[in-house]
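Colleague: I am new to this structure and would like to learn how to read its features one at a time. Could we begin with the strands and then turn to the open space?

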Amino acid sequence: MNTTQVAARLVELCRQGQYEQAQNELYADDAVSIEMAGLPPEALGDVSGLAAIREKGRRWAENIVEIHGGSVSDPVVAGEWFSVAMGIDATYKDRGRMPMEEICVYRVRDGKIVHEQFFYSVG
């Protein structure tokens, strides 16, 4: 798949809430996940490798009590990069209800996501 196809498939799966399937289907084994700078120590943080990305996603999902709403924009593609705006309004075990909006930036190599990075605002 090219970048546009990967981006469209990621958006489709995220809109269905199928994040684990997206990782299994679209991510390279050596992918990296980068969080926004300045996070508190208990945050999930940066990880390398698909197994670590899956674990990070699992820990995030386990912390959710209830999802009240969410959104996933259409992707914007530029060469091997694409971005998507996402939003979630959720109640978390460790911090209560917290709406969040973010820009997610991805890099595609050989038909797989090799880099994801998140920039967000909370509240």
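**Strands and pocket**

Modeller: A hairpin of three residues links S5 to S6, where strands are DSSP runs of E with at least two residues and helices are runs of H or I with at least four, both numbered from the N terminus. This is a predicted model, in which local features need pLDDT of at least 70, side-chain atom pairs count only at pLDDT 80 or more, and totals for chains, interfaces and linings use all residues. Residues are numbered from 1 along each chain as its sequence is written, and side-chain values use heavy atoms, with hydrogens and water left out.

Colleague: How many bridges join S5 to S6?

Modeller: Two strands count as paired if DSSP finds at least two bridges between them; here S5 and S6 run antiparallel and are joined by twelve bridges, with Tyr-92 standing opposite Gly-96 in S6.

Colleague: Which residue in S7 is the bridge partner of Tyr-106?

Modeller: The partner of Tyr-106 is Glu-116, and S6 and S7, also antiparallel, share ten bridges. Two residues lie between S6 and S7 in their hairpin, and Asp-110 in that turn has a positive phi of about 50 degrees.

Colleague: Which residues does Phe-82 touch?

Modeller: Contact means heavy atoms within 4.5 Å; leaving out residues up to four places away in sequence, Phe-82 touches, among them, Leu-10, Val-77, Tyr-106 and Ile-113.

Colleague: Which element gives the most to the lining of the largest pocket?

Modeller: Rolling a probe the size of a water molecule over the atoms shows where empty space is left. A pocket is an open set of points on a 1 Å grid over the protein atoms alone, where a 1.4 Å probe fits, with protein on both sides within 12 Å along at least five of seven lines, and lining residues have an atom within 4 Å of a point. For the largest pocket, H3 gives the most to the lining, with eight residues.
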